[in-house]
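This report goes through selected local features of one protein–ligand model.

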Amino acid sequence: MDELQGVLKGQKIAYFSMEVGLTSEIPTYAGGLGTLAGDAIRSSADLKLPLVAVTLISKRNYFRQTLDADGRQSEQSRPWNPEELMTRLPNSVFVQIQGRSVEVKAWLYKYQSITGWVVPVLFLDTDVEGNLPEDREITYYLYGGNEKYRLKQEVILGFGGVRMLAELGFRIRKFHMNEGHSSFLALELLKENGLDIDKVRELCVFTTHTPVEAGHDKFGYDLVADVLNGTVDIGLLKKFGGSDRLNMTLLALNLSNYVNGVAKRHQEVSSKMFAGYQINAITNGVHSYTWTGEKYRKLFDKYLQGWAIEPELLAKVDLIPDCEIWQAHTEQKADLIEYCNKTANVNLSPDVFTIGFARRMTEYKRPTLLFSDLNRLRSMSKKYKLQIIMSGKAHPRDGGGKRLIEQIYSFAKQLKGDIETVYLEGYDMNIAAKLVGGVDVWLNTPMRPMEASGTSGMKAAHNGVVNFSVLDGWWIEGWIENLTGWAIGPHPKACLEDQQCFIKEAEDLYSKLEYIILPTFYDRHDEWIRLMKNSIGKIAYYFNSHRMMHRYVTEAYL
Ligand SMILES: *Cc1c(COP(=O)(O)O)cnc(C)c1O
């Protein structure tokens with residue numbers, strides 16, 4: 001087939017992910033999991049790794065967010081046209097759902113690196129003439145619908161994905177499950193390999209991404225029996241996926257030879273959650289070129305040639321004169337502030353110290369910690385002026401997440417006149433890139449130990465933005481106090497009651513801002529530049545997806 005010319009050679013790693021964030025124009029991602037998958041694909045292409053990615057087309061979403069004057073979120077379906085960006089392949093495979101044979105097609109997107117290497121990405125699609133309307137919808141809404149809908153999606157991704165790869169002529173040496181949504185692939189491999197469990201384990205790699213219990217999909221066996229309708233032996237499923245409910249994480253754990261969490265701390269937490277399984281750690285990274293703003297790209301090109309395909313070179317950031325580091329930051333900051341003032345009708349100033357916070361809005365991310373004492377914020381801003389930029393979408397069914405946005409709106413109103421606070425609507429990869437490229441400090445205040453890794457802080461570091469974060473996820477590894485940024489709250493090993501911990505975190509947040517961060521920013525410019533350079537030379541050089549993929553190759557794929 002012409003479209004696949006050149007991408008079928010050799011044996012591949014098949015990278016399965018429910019969401020993939022390649023560009024803002026392909027809205028098939030919801031948050032960090034998807035952008036990580038996108039970064040893994042981009043780095044694989046730069047490194048010329050033999051990778052093929054498999055995901056769903058999510059044709060009607062992920063939703064577009066609008067916010068009213070009180071911060072109430074509404075969601076618009078966001079139909080997009082894959083035809084403009086990718087090619088629909090003529091091949092079909094079939095997957096049984098509720099006794100019906102559902103036809104599955106695939107769109108091919110070729111991600112090409114500046115090195116010329118191409119990573120094919122297959123977007124599975126059940127919107128095929130001849131399928132029942134309810135089956136055509138299976139690949140419409142990322143994380144949409146009810147449990148049954150989700151189960152059907154996972155059936156398409158796992159079973160359909162393996163079949164599609166074979167149908168197209170891909171030869172696969174390892175199947176990498178990026179989160180448990182694709183665990184059915186291991187069942188398909190069991191069938192293909194005559195129930196030889198060792199052989200299947202040898203083929204499978206599993207990465208778990210969250211210590212949040214609700215993040216692990218579980219389905220009742222009645223539902224499973226209804227959807228799979230005799231195509232899979234339920235006894236076999238129970239053996240590997242749990243006796244009372246089908247736990248997709250357990251299924252993947254039991255059928256993979258290599259399992260990892262996404263940061264060292266996450267490995268520890270996961271090892272407790274899944275006692276008896278060996279869990280490794282490969283700390284996440286971000287794609288350096290993608291998340292470095294235009295001005296810094298130019299600067300790195302000038303002093304650190306080759307950095308985009310060899311981000312280790314960022315360790316030599318000291319070759320760049322301080323004034324040019326500051327100049328690049330000033331320009332990116334001006335772009336961000338102009339964007340905010342224009343789109344959100346606010347009055348931010350390019351000369352004022354700016355805090356950024358953007359991520360999925362959900363309770364454990366705790367975006368409101370910064371506002372726990374408005375008077376204290378006001379008083380410190382009298383001496384050293386500060387302003388705040390925030391953004392993020394709440395999942396349509398996450399009422400708590402939506403309320404957080406309304407609370408932030410209310411805080412912003414109360415602070416009006418003292419501290420300019422803006423909430424950008426429609427968070428996506430474009431807005432993320434602008435934000436991490438242009439604020440002064442990147443704030444992260446999750447409830448520990450829920451942040452498996454977090455990646456936006458790594459994006460910020462690539463732009464000389466300094467991290468100020470709770471010690472959770474990747475930051476435990478990246479943090480050197482006063483050198484690469486600052487910690488909020490106790491050391492992860494410290495045992496404190498939740499309430500004590502909260503108090504300590506809020507106290508740290510305010511006192512470090514007031515006595516260390518703001519004075520350094522305004523009064524000790526050289527020291528500030530040192531922090532910015534350390535973000536690049538001590539964080540970005542390491543916390544990138546090139547290093548991450550090298551680790552997957554040597555530890556999991558080979
Ligand atoms: C990087 C990114 C995320 C992940 O950010 P976290 O800090 O890990 O929560 C989420 N959404 C978008 C659009 C991103 O670019």
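Tyrosine 296 and phenylalanine 300 are about one helical turn apart, because they sit four residues from each other in helix H11 (residues 294–303). Helices here are DSSP runs of H or I with at least four residues, strands are runs of E with at least two, and both are numbered from the N terminus. The model is predicted: local features need pLDDT of at least 70, side-chain atom pairs count only at pLDDT 80 or more, and totals for chains, interfaces and linings use all residues. Residue numbers start from 1 along each chain as its sequence is written, and side-chain values use heavy atoms, with hydrogens and water left out.

Both tyrosine 296 and phenylalanine 300 are buried. Buried means under 20% relative accessible area, exposed means over 50%, and partly exposed lies in between (1.4 Å probe, protein chains only).

**Aromatic pairs**

The structure holds 22 aromatic pairs. Rings of Phe, Tyr and Trp (its six-membered ring) pair if their centres lie within 6.5 Å; planes under 30 degrees apart count as stacked, over 60 as edge-to-face and the rest as tilted. Two of the pairs are tabulated here.

| Pair | Centre to centre | Angle between planes | Class |
|---|---|---|---|
| Tyrosine 296 and phenylalanine 300 | 5.8 Å | 40 degrees | tilted |
| Tryptophan 326 and phenylalanine 521 | 6.2 Å | 55 degrees | tilted |

Tryptophan 326 belongs to helix H12 (residues 322–344) and phenylalanine 521 to helix H18 (residues 498–523), so this pair ties together parts that are 195 residues apart in sequence. Tryptophan 326 is partly exposed, at a relative accessible area of 25%, whereas phenylalanine 521 is buried at 9%. Ring pairs also link these two residues into a cluster with Phe353, Tyr384, Phe468, Trp486, Tyr522 and Trp528.

**Ligand site**

How many residues surround the ligand, and which are the closest? The shell has 14 residues, and the closest are Lys365, Gly454, Thr455, Ser456 and Lys459. A residue counts as near if one of its heavy atoms lies within 4 Å of the molecule.

On its own the ligand has 390 Å² of accessible area, of which the protein covers 96%. Accessible areas come from the Shrake-Rupley method with a 1.4 Å probe; for residues, only the protein chains shown count as cover.

Helix H1 (32–46), helix H15 (429–438) and helix H16 (456–461) are the elements that give two or more residues to the shell around the ligand. Domain 1 (2–67 + 74–285 + 547–557) and domain 2 (288–542) each supply at least three residues to this shell; the domain bounds come from an automatic or database domain assignment. By class, the shell has four nonpolar, six polar and four charged residues. In this scheme Ala, Val, Leu, Ile, Met, Phe, Trp, Tyr, Cys and Pro are nonpolar, Asp, Glu, Lys and Arg are charged, and the others, Gly among them, are polar.

**Helix H15**

Of the ten residues in H15, seven are buried. They are Met429, Ile431, Ala432, Leu435, Val436, Gly437 and Gly438. The N-terminal end of H15 is capped by aspartate 428, with a side-chain oxygen 3.1 Å from the backbone nitrogen of asparagine 430.

**Loop residues**

Asparagine 91 lies in the loop between strand E5 (87–88) and strand E6 (93–97), and it is buried with a relative accessible area of 10%. Its side chain makes a polar contact of 2.9 Å with that of glutamate 167. A polar contact is a pair of N or O atoms within 3.5 Å; within protein, one must be able to donate a hydrogen and the other to accept it, and residues adjacent in sequence count only if both atoms are side-chain atoms.

Serine 183 is in the loop between strand E9 (171–178) and helix H4 (184–192). Its relative accessible area is 0%, which is buried.

**Backbone geometry**

Arginine 448 and proline 449 are joined by a cis peptide bond, with omega about 0 degrees. Proline 449 is in the loop between strand E18 (441–444) and H16.

Tyrosine 143, a residue other than glycine, has a positive phi near 55 degrees. Tyrosine 143 is in the loop between helix H2 (133–136) and helix H3 (147–168) and is buried, at 11% relative accessible area. Asparagine 229 also has a positive phi, of about 40 degrees, although it is not a glycine. Asparagine 229 is in the loop between helix H6 (221–228) and helix H7 (234–241) and counts as partly exposed at 43% relative accessibility.
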